[in-house]
Amino acid sequence: MTFEQFNLHPHIATAIHEQSYSCPTPIQRQAIPHILSGRDVMGLAQTGTGKTAAFVLPLLQHLVQKPDRRVRALILSPTRELAAQTHDSIRALGRYTRVRSTVIFGGVNMNPQIEALKRGTDIVMACPGRLLDHLAQGHIDLSALQTLIVDEADRMFDMGFLPDLRRIVRQLPVQRQTLLFSATMPDEIRRLATDMLKNAVTVQVDHTKPVEAIAHALYPVPQHLKTALLKVLLKSTATNSVIVFTRTKHRAKRLAEQLNRSGLRATSLQGNLSQNQRQHAISGFREGAYQILVATDIAARGIDVAAVSHVINYGMPDTADAYTHRIGRTGRISRSGEAFTFVTGEDKAMILAIEQTLGEKIRRVTLPDFDYAKAPEKQERPAQAARTQPRPRAAKQATGENKRSVPRRYS
Ligand code: AMP
């Protein structure tokens, strides 16, 4: 199947060609005809499947004939990065159209956003918190809205945004097309879909099974040797860009500093950064100034860097779905990639859950020249040594370290 079959406007077709998309991905093949026909759609697809273009292309087709600078489409995203990236996709695919889009998120000055809204825009890309601020202050008129798109709805839920989302939906025209995209379908998202969608068609691409092109490997290692093993692996493996996942913000920051000290080009992305620092880290990573990005799950959500060849789970993900999300960062579309996961004795149950999701046993790898018996560094002070030891999960939850127990707002 080719993009011609969708009969998209020539201005859109030219942009698709420029992006070198030769044929639609499965989610695009399934979703685009329904969205073009005006149906509500529940799309089950993870990042990396081409889901953004699956809703951006028909949206542009609806707007291309008569952009009128009244907000006719609203796209809601859980994170600023995802909002900014979707905005970039709209700009790339809509560059030959006169459709205008504006992105709205927190952590930055409101005034440029107010100015852009005053000038008029056809599409608004927004994170829920800041959008509610604009709505409360009367900066945005959504009375002409025709299409609502909720992207990564399951992450919205994880991050505690569902009440905000429902508050926004109550202020929208009832007559509209609604598209809901989610990588997974927990009960809360099922309920949300029932409440928000009318006569919807569900389209689904293997949402729990990651892209086939990824090779998975487990690296058993004592907790105190993870950093040493990471350095050896990074120096001995031919990699393109690498994302290293940690469980905590503190660890992400410290690990990036340690990698830098040993001569690797690394930066970190975690919740404690200012908006400018986040943008610096993301663009530095995307443009290759940093080869390694050390990140927490939430901070890395939605990051789209085409050249990611390796995902390394320094800290085990909380769930098998989180594993799928993380490695969705590599092997995107038809590119291949590798996913390495460092495992300690306490990760057995999670390994089993991940292997069940993948439907395969993951190979265990040990490096022949690595000293796995090495004792922890002697000079470590007792307090630091205690911090490097694996703590029971219950203790992590009590300190708020488990992200899922403490939803954070990023908009
Ligand atoms: P997404 O799942 O929307 O995050 O998209 C993942 C990546 O796939 C992005 O870099 C897109 O530019 C790219 N992409 C989207 N559609 C296609 C396509 N039909 N062919 C090749 N790449 C695509």
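Domain bounds, as I use them here, come from an automatic or database domain assignment.

**Basis.** I worked on a predicted model, in which local features need pLDDT of at least 70, side-chain atom pairs count only at pLDDT 80 or more, and totals for chains, interfaces and linings use all residues. Residues are numbered from 1 along each chain as its sequence is written, and side-chain values use heavy atoms, with hydrogens and water left out.

**Ligand shell.** I looked up which domains supply the shell around the ligand: domain 1 (3-205) and domain 2 (214-364) each give at least three residues. The ligand has 15 residues around it, and Tyr-21, Gln-28, Gly-48, Gly-50 and Thr-52 come nearest. I sorted the shell into five nonpolar, seven polar and three charged residues, with Ala, Val, Leu, Ile, Met, Phe, Trp, Tyr, Cys and Pro as nonpolar, Asp, Glu, Lys and Arg as charged, and the others, Gly among them, as polar.

I took a polar contact as a pair of N or O atoms within 3.5 Å. A ligand nitrogen lies 3.0 Å from a backbone N or O atom of Cys-23. Ligand oxygen atoms lie 2.8 Å from a backbone N or O atom of Gly-50 and 3.3 Å from a polar backbone atom of Lys-51. The protein buries 83% of the 500 Å² that the ligand exposes when taken alone, by the Shrake-Rupley method with a 1.4 Å probe.

**Sheet.** I then traced an open sheet of seven strands, paired in parallel in the order S10-S11-S9-S12-S13-S8-S14. Strands are DSSP runs (E, at least two residues), numbered from the N terminus, and two of them pair if DSSP finds at least two bridges between them. Strand S10 (266-269) and strand S14 (363-364) are the edges, each pairing on one side only.

Conventions: Near = heavy atom within 4 Å. Polar contact = N/O pair within 3.5 Å; in protein donor to acceptor, adjacent residues only side chain to side chain. Helix = DSSP H or I, 4+ residues; strand = E, 2+ residues; numbered from the N terminus.
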